Amino acid sequence: MRLTVIGTGYLGAVHAACMADIGHEVLGVDIDAEKIGALTEGRPPFFEPGLDNVLTRALESGRLRFSTSLSEAAAFGEVHFVCVGTPQKAGSNAADLRYVDAVIDGLAPHLNRPCLIVGKSTVPVGTTPRIADRLRGLVPAGADVEVAWNPEFLREGFAVEDTLRPDRLVAGVISSRADRTLREVYAPMLDAGVPYISTDPATAELVKVAANSFLATKISFINAMAEVCDAAGADVVTLADALGHDARIGRRFLNAGLGFGGGCLPKDIRAFTARAGELGVEEAVGFLRQVDGINLRQRRRTAALARELVGGAFSGHRIAVLGATFKPNSDDVRDSPALAVAAAIHHEGGEVRVHDPEGIYNACLAHPELRYETDVLTACRGADVVLHLTEWSQYREVDPVKLAGVVSAPRLVDARNNLDAGLWRSAGWTVRALGRPAPATVPAPQRGGGSGQSSARGCEAPTEGAALSRSPK
């Protein structure tokens, strides 16, 4: 089939490459000419494991190309996937649908033959009929243009796998024709046994926000338990292990720590509460405000642990931060808990040095006031406390004995409960974590002993190639 994918950010670029990889002819469309140029050359505008290989393969096959023209998209495609962002509206918790509306308004006047518009963006329930109404006065083809909703369930860091081998496909359709079309699009997945759920558009729209709300609730629940554990002297990791043996609960995502961030969970649960209020059922999802509040409180609690370790104030102390992205295997820093903590410490007078394997470019754009390092030892040199804020696998491989030789004082806050605390303590480190028993005593702050000359730097302008390969989404 001939598909268009409109919007080539995180969702759209992955979807376009993967749809071409399974055999469709695909045209990716975006108003950002620089991004289109990078994709045409086989350079993803963000870091996602495996995407560069799939993109290159799809381009070399001749089944994938890119454009900035919606009129070209209308002439090319039988199915148009809308994959633009739906950020939080300024001054409100509601979703901002201006980019979705802009696609519809720009595409519709060029649609003069039957086709299917398929939304993949995360939207408030009720969006599909609103778009259908918007189309009626704009499309030359009239009723031959239908709208369906097919929510995405991608995990950053696993997006290619989740697109090619999803755990389920959900199609919100209003006709058998639309259903048949989507089944044809996803035929290789269906042949492989992927569950396909055909439903109404409202249910399909709700699936994504309900899934994200459930996940956010599970994460915030164990973080709430971490706060109770701190008050009671209990261990939240052992508690989570015990809870996880209950098949009704499960251990996955029951990890206490700094909490969730990124471009999905925080804004999606807020948009869900806003839409529920518009529908008159705000009380039904009122608990999500507590979920959001618990999550944000973990950031303050992490900063408080670090502040305690340096004697009650950050001013005059060097703080090393390991991690800038909101999760590992991504360069996404949107609503990153790690960067939020780093910025808060900076604003309290701490001298902050940040390291991240992939996210430094985007972190510089978001927080140019911070200082960044490209290697862990340099970031930690002379530090009075080291904060582990994003659980990159590289940080588990750090030698705590070697690191102890470059810091001013061996103090660690493991805000992800992801490092081997016993190993670090045996190397002489004081280790603190949310929801885990504190050591009996905390060594007094020290200065000196290995700080040397700082080589930290601010946000230097990247080369042209680096700018394209790490451009913001």
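A cavity, as the word is used here, is a set of points on a 1 Å grid over the protein atoms alone where a 1.4 Å probe fits but cannot get out. In this predicted model, the structure holds two such cavities of 30 Å³ or more, and the largest cavity has a volume of about 90 Å³. Its lining is made up of 13 residues, with Val123, Pro124, Val209, Ala271 and Phe272 lying nearest the centre. By class, the lining residues of the largest cavity comprise eight nonpolar, two polar and three charged. Helices α10 (201-232) and α12 (265-278) each supply at least two residues of this lining, and α12 gives the most, with five residues.

The protein chain as a whole contains 20 helices and 14 strands. Its C-alpha atoms fill a box of roughly 75 × 50 × 45 Å along the principal axes. The radius of gyration of the protein chain is 24 Å, which agrees with the value near 23 Å that a compact globule of 473 residues would have. Buried residues account for 52% of the 473 residues, and, among contacts with a separation of 6 or more, 75% are between residues 24 or more positions apart.

Within helix α13 (residues 287-309) sits Gln298, which counts as buried because its relative accessibility is 0%, below the 20% cut-off. The side chain of Gln298 makes a polar contact with the side chain of Arg301, at 3.0 Å. When neighbours within four places in sequence are left aside, Gln298 is in contact with Asn223, Gly257, Leu258 and Leu434.

Most residues other than glycine have a negative phi. Asp335 has a positive phi, near 45 degrees, and Asn417 has a positive phi, near 50 degrees.

Notes: Residues numbered from 1 in each chain as written. Predicted model: local features only at pLDDT ≥ 70, side-chain atom pairs only at ≥ 80, totals over all residues. Heavy atoms only, no water. Helix = DSSP H or I, 4+ residues; strand = E, 2+ residues; numbered from the N terminus. Buried < 20%, exposed > 50% of the residue type's maximum accessible area, 1.4 Å probe, protein only. Polar contact = N/O pair within 3.5 Å; in protein donor to acceptor, adjacent residues only side chain to side chain. Contact = heavy atoms within 4.5 Å. 1 Å grid on protein atoms, 1.4 Å probe; cavity = no way out; pocket = protein on both sides within 12 Å on 5 of 7 lines; lining within 4 Å. Points joined across faces, edges and corners; volume = space filled by probe spheres on them. Nonpolar A, V, L, I, M, F, W, Y, C, P; charged D, E, K, R; others polar. Rg over C-alpha atoms; globule rule 2.2 N^0.38 Å.
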